[in-house]
Amino acid sequence: MNLSKTLKKVLQEKKDKILSEWFEVVIHAYPDDMAYFLKREKDAFANPVGQNIWNTIETIYKELLDSFDKEKIASGIDPLIRTRAVQNFRASESVKFVFSLKEIIRNNFDFKDEDGGKSLYQLERMIDEIALIGFDIYMNCKEKIYQLKANHERSQTMKLLEKANLLCECNNE
């Protein structure tokens, strides 16, 4: 998938503005005090979630303009989606920020380019694919979390049964 040179040029020129607006949208998925902290704290060690957000949106934006390598996109989006899965965001809340890029781009530009909007359509399809990659990552994380919880519960139940001497060896023959 390739975007028109005109669209790429415009997106490159407006990169900082778009990323700043996108970051604002992403952090407002959190409570107000957390969003304030994510915006104000610039130290990556003190604010790893904020750093993950920046890294994710920069990776996505770079791949939209360059090669659109799905493996790079997946590895770039994974930390943020994984964090949101652990923070009990719903699937829709976890990937909603990807779709918000469409609106940000549309609000910043007048797309009356030479190809009659095909580039914009292409760009939006690419953004949709990124959201689907994020959705798959979210579902894999949730599945892993549930497996860990089930294993923990099974282990706790076995320990209780052993303490109560309620376990016996069964002969299956």
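**Pocket and fold**

Analyst: The largest pocket holds about 170 Å³ of space, where a pocket is an open set of points on a 1 Å grid over the protein atoms alone that a 1.4 Å probe fits, with protein on both sides within 12 Å along at least five of seven lines, and the volume is the space filled by probe spheres set on the points, joined across faces, edges and corners. This is a predicted model, in which local features need pLDDT of at least 70, side-chain atom pairs count only at pLDDT 80 or more, and totals for chains, interfaces and linings use all residues. Residues are numbered from 1 along each chain as its sequence is written, and side-chain values use heavy atoms, leaving out hydrogens and water.

User: Which residues line the largest pocket?

Analyst: The lining residues, meaning those with an atom within 4 Å of a point, are V25, V26, H28, A29, R84, F89, E93, K96, F97 and S100.

User: And which helix gives the most to that lining?

Analyst: That is α6, with four residues, while α2 (15–27) and α6 (91–108) each supply at least two; helices here are DSSP runs of H or I with at least four residues, numbered from the N terminus.

User: Switching topic, how many helices and strands does the chain have?

Analyst: The protein chain has seven helices and zero strands.

User: What does the C-alpha trace span?

Analyst: Along its principal axes the trace spans about 75 × 40 × 20 Å.

User: What share of the chain is buried?

Analyst: Buried residues (under 20% relative accessible area, 1.4 Å probe, protein chains only) make up 38% of the 173 residues.

Technical notes:
Buried means under 20% relative accessible area, exposed over 50%, partly exposed in between (1.4 Å probe, protein chains only).
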